[in-house]
Amino acid sequence: MAQQDPFELFRQWLSDAEKTEPNDPNAVAVASVGEDGMPSVRMVLLKGFDERGFVFYTNLGSQKGRELAAHPKAALCFHWKSLKRQVRVEGLVSLVSDEEADAYYASRARDSRIGAWASKQSQPMVGRFELEQRVAKYALKFHLGKIPRPPFWSGFRVEPQKIEFWRDKPFRLHERLVYRRNAQGDWDTATLFP
């Protein structure tokens, strides 16, 4: 399992998952620090990664958006049940550039772009009809024209300080390989007991 570059190993594992996972091989649990200091976790979809980190997009006013702005650290957990593999990431969080957010937003389906405008993510709503009214309002507003990215919608990048790869083995004697970023920005590796 050992590799020099954790991103190359992650790329291989994600590629394997894309072939075997029935739904959303890019699904990842994101844990943040809640406004009350408690842990807070939810599933999102990974929309990109490279040596700078792992990227997902959201409404900045959502619970996770507020939490990550207040405490810019996060943990990620990918679990691919069909492969019996898991990857855990811990790192520092920053916003993606406006150019990156604009490019990804423009690639989304038109209805998803309208939905980004319509949803007051994580805020209480009276009922589903309120959401449907807001969708209709923004569909009318943008009609056939371009739908700009809302100023309250962007992406977060988790810059890993630690990446752990876990693989199931018989008798619970699993393989665990952890990469930690050192002071020089390079990766140190260690094999852990299961």
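The side chains of R157 and E100 meet in a salt bridge, with N to O at 2.4 Å. R157 sits in strand β7 and E100 in helix α3 (residues 98–107), so the pair links distant parts of the chain, 57 residues apart. Here a salt bridge is a side-chain nitrogen of Lys or Arg within 4 Å of a carboxyl oxygen of Asp or Glu. Helices (H or I, at least four residues) and strands (E, at least two) are DSSP runs, numbered from the N terminus.

This is a predicted model, in which local features need pLDDT of at least 70, side-chain atom pairs count only at pLDDT 80 or more, and totals for chains, interfaces and linings use all residues. Residues are numbered from 1 along each chain as its sequence is written, and side-chain values use heavy atoms, with hydrogens and water left out.

**Salt bridges**

The structure holds 13 salt bridges.

| Pair | N to O distance |
|---|---|
| R157 and E100 | 2.4 Å |
| E164 and R176 | 2.8 Å |
| E67 and R42 | 3.0 Å |

E67 lies in helix α2 (residues 63–70) and R42 in strand β2 (residues 39–45), so their bridge ties together parts that are 25 residues apart in sequence. E67 is buried, at 2% relative accessibility. R42 is buried too, at 17%. Buried means under 20% relative accessible area, exposed over 50%, and partly exposed in between (1.4 Å probe, protein chains only).

R157 is buried at 9%, whereas E100 is partly exposed at 23%. E164, in the bridge to R176, is buried at 4%. Salt bridges that share partners join D50, R52, E100 and R157 into one network.

**Aromatic rings**

Rings of Phe, Tyr and Trp (its six-membered ring) pair if their centres lie within 6.5 Å; planes under 30 degrees apart count as stacked, over 60 as edge-to-face and the rest as tilted. The count comes to 21 aromatic pairs. One aromatic cluster is formed by F7, F10, W13, F49, F54, F78, W80, F165, Y179 and W187.

The charged end of R85 sits over the ring of W13, 4.8 Å from its centre. K141 lies over the face of W117, 5.5 Å from the ring centre. The rule asks for NZ of Lys or CZ of Arg within 6 Å of the ring centre and within 35 degrees of the ring normal.

**Positive phi**

Most residues other than glycine have a negative phi. K84 has a positive phi of about 55°. K84 is found in the loop between β5 (73–80) and β6 (85–95), and is partly exposed at 49%. H143 also has a positive phi, about 35°. H143 lies in the loop between α5 (128–142) and β7 (153–167), and counts as exposed at 52%.
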